[in-house]
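Please open the structure in your viewer and keep the selection tool at hand.

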Amino acid sequence: MTELLSIEDLHVSFPTEDGIVKAVDGVSLTVNSGETVAIVGESGSGKTVTSLSVMGLHKKGSVIIEGSIKINDGGTIKDVVNLSPNEVRDIRGRAVAMIFQDPMSSLHPYYKIGNQLAEAFEVHNPGNKKAAKARAIEMLDLVGISEPDQRAEEFPHQFSGGMRQRVMIAMALMNSPRLLIADEPTTALDVTVQAQILSLLDKLKKEFDMGVLLITHDLGVVAQVADRVSVMYAGQIVEEAPVDDLFYTPKAPYTVGLLKSVPRISAKNERLKAIPGQPPSLIHLPQGCDFSARCEYRNLSPVDCAVIPVSLHTDSAGHSSRCHIPIEVRNSVFAKDLQELK
């Protein structure tokens, strides 16, 4: 496998009148060719800010970015943080592309589908309109849109939500990028269409030998398509593991809280088990563990979680977690609590 993305100690902050918003605080992760890495967490945990940083889409002057975001551009490693705007535009859409969150508003309503796809191709292949049109039709066919030559002449309002999402996937793949970022690609779609889109992404990942960075809050989607998972909370990664390890042997209290909150068919007439409280302010973060105020297991810690900072520890199996509670205690208590939910 080839390493396509390497994020190291990424910090993304936004200066405001009330103070500095620490949206991403020391995130490190990698994505290799042929694998899907999911970032999961509540809204506001820093998932989308991280993905926009990879694409170089934050407005200069309104954000402070520290750390490194290294992208493999055909064997040449480029650090997005240190590139000029023109250099970022050169790799965006070609070495790395992104499927944005809302297919309903991502397409221009006044332009034909084929023209919008062709424009994405011409950005990196100027002056080749005939090839751009042919590529647009080819990609519409590849993502499963029937009669692609005819549909290329239609407008976005003539497409359903699921079809628009397929168009957005086609647009992202117009220049055959090796790294694809999918930000909540199934949020606005019904369950049947969600399954079709996820299956399509998996098929295209294998066909293009891509690496996929999947941003989602849906653990069902994670279980279906991810190879590795990074769980984010308050701008930090609190757990990282292969997907099976994360679901069967979670090691961070926040991850356990997310797993407990998943609706179950067997839980008849029972209320959802929500995580109590709200995430902390990203301007005034706690001195110690960011999750301490909401953690139902904090009394098991030998130290004051709210005061003592906690770092990310990795075991011999490559499973990382951020917690003060001794690992033996966590393994025992978490396994018992999750077993009761089955």
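Begin by selecting Gly41 and Lys47: the backbone oxygen of Gly41 lies 3.1 Å from a polar atom of the Lys47 side chain. This is a polar contact, meaning a pair of N or O atoms within 3.5 Å; within protein, one must be able to donate a hydrogen and the other to accept it, and residues adjacent in sequence count only if both atoms are side-chain atoms. The model is predicted, with local features requiring pLDDT of at least 70 and side-chain atom pairs pLDDT 80 or more, while totals for chains, interfaces and linings use all residues. Residues are numbered from 1 along each chain as its sequence is written, and side-chain values use heavy atoms, leaving out hydrogens and water.

Remain at Lys47, which is placed in helix H1 (residues 47-55). Helices (H or I, at least four residues) and strands (E, at least two) are DSSP runs, numbered from the N terminus. Lys47 is buried yet has no salt bridge, and Glu184, the nearest side chain of opposite charge, is 4.6 Å away. Buried denotes under 20% relative accessible area, exposed over 50%, and partly exposed in between (1.4 Å probe, protein chains only). A salt bridge is a side-chain nitrogen of Lys or Arg within 4 Å of a carboxyl oxygen of Asp or Glu. For charge, Lys and Arg count as positive and Asp and Glu as negative, whereas His and the chain ends are not counted.

Next, select His58, in the loop between H1 and strand E4 (64-73). His58 counts as buried, at 13% relative accessibility.

The tour now turns to the salt bridges. How many salt bridges does a search of the whole structure find? The search finds 16. Select Arg228 and Glu35, which form one with the closest N and O atoms 2.7 Å apart. Arg228 lies in strand E9 (residues 228-233) and Glu35 in the loop between strand E2 (19-32) and strand E3 (36-40), so the pair ties together parts that are 193 residues apart in sequence. Arg228 is buried, with a relative accessible area of 19%, and Glu35 is buried at 6%.

Glu240 belongs to strand E10 (residues 236-242) and Arg228 to strand E9, 12 residues apart.

Move to Lys260 and Glu296, whose side chains meet in a salt bridge (3.0 Å, N to O). Lys260 lies in helix H11 (residues 253-260) and Glu296 in the loop between H11 and strand E11 (313-314), so this pair ties together parts 36 residues apart in sequence. Lys260 is buried, with a relative accessible area of 12%. Then select Asp73, Lys78, Asp90 and Arg94, which are linked in a network of salt bridges.

Finally, turn to the surface. Select Val303, Val307 and Ile308, which form a nonpolar patch with about 190 Å² of accessible area together. Patches consist of residues with over 30% relative accessible area and no salt bridge; like charges are joined within 9 Å, and nonpolar side chains (Val, Leu, Ile, Met, Phe, Trp, Tyr) within 5 Å. Accessible areas come from the Shrake-Rupley method with a 1.4 Å probe; for residues, only the protein chains shown count as cover. Val303 is in the loop between H11 and E11 and is partly exposed, with a relative accessible area of 35%.
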